[in-house]
Amino acid sequence: MTDLVIYYTRTNKTKTIAEEIAKEKDAQLLEVIDKTNRDGSIKFLTSAIDAMRGKKTSIEYDAVDLSEYDTIYIGSPVWASKATPAILEFVEENDFNNTNVVSFVTLTSNGAEKALDNLNDAIKSKGGKIIRSFSIITKDTDIIKLTHDALNDE
């Protein structure tokens, strides 16, 4: 068995962190793709409203059996103090029963605690066991170093 890092990214910051986790933990990567166009400033604002309202979205990803992994790392950017619709949709579509999960969120300012609560509640409702959570502020920082610091703080 091995670990799996699941992530959604809009600006590639969460992707960078997910790739570092995968490298550090020798884990597989799984990107969740949001089929809704979220490029640009206007789309970002409507995306934050979608997150705030809990709006569903259409996603695509490679099918996976989560029970085949020792630990699932799942990461999302923070939009309006919530996990993204794409990651919440992934959680809704999958069985996390008896899986160990490390959740993480990326953000530029605030809302990490609420977003982690939002994500963790969704995972727990699907049977997952949260073993750790962390956040990384990506604004004007060395996100690679912060990722290593967060992982080594386990």
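Trainee: Which residues form one aromatic cluster?
Mentor: In this predicted model, the cluster consists of Y61, F90 and F96.

Trainee: How are the rings of Y61 and F90 arranged?
Mentor: Their centres lie 4.7 Å apart with the planes at 70°, so the pair is edge-to-face. Y61 sits in the loop between β4 (59-60) and β5, and F90 in helix α3, 29 residues apart.

Trainee: Is F90 buried or exposed?
Mentor: F90 is buried, at a relative accessible area of 0%. Y61, by contrast, counts as partly exposed because its relative accessibility is 23%.

Trainee: How many aromatic pairs does a search of the whole structure find?
Mentor: Four. One of them is the edge-to-face pair of Y61 and F90. F104 and F134 also pair, stacked at 5.5 Å centre to centre with 10° between the planes. F104 belongs to strand β7 and F134 to strand β8, 30 residues apart. Both F104 and F134 are buried.

Trainee: Changing topic, which residues have the most contacts inside the largest nonpolar core?
Mentor: They are I6, V32, I72, I74, F90 and F96, in a core of 21 residues. At least two core residues come from each of β1 (2-7), β5 (69-79), α3 (85-93) and α4 (112-125).

Trainee: What does I74 touch?
Mentor: Leaving aside residues up to four places away in sequence, the contacts of I74 include I6, F90, F96, F104 and L119.

Trainee: And helix α1, which of its residues are buried?
Mentor: T14, I17, A18, E20, I21 and A22. They pack against elements including β1, β2 (28-31) and α5 (143-152). Just after α1, D26 takes a positive phi of about 50°.

Conventions. Residues are numbered from 1 along each chain as its sequence is written. This is a predicted model: local features need pLDDT of at least 70, side-chain atom pairs count only at pLDDT 80 or more; totals for chains, interfaces and linings use all residues. Side-chain values use heavy atoms; hydrogens and water are left out. A nonpolar core is a set of buried Ala, Val, Leu, Ile, Met, Phe, Trp, Tyr and Cys residues joined through side-chain atoms within 4.5 Å. Buried means under 20% relative accessible area, exposed over 50%, partly exposed in between (1.4 Å probe, protein chains only). Helices (H or I, at least four residues) and strands (E, at least two) are DSSP runs, numbered from the N terminus. Contact means heavy atoms within 4.5 Å. Rings of Phe, Tyr and Trp (its six-membered ring) pair if their centres lie within 6.5 Å; planes under 30 degrees apart count as stacked, over 60 as edge-to-face and the rest as tilted.
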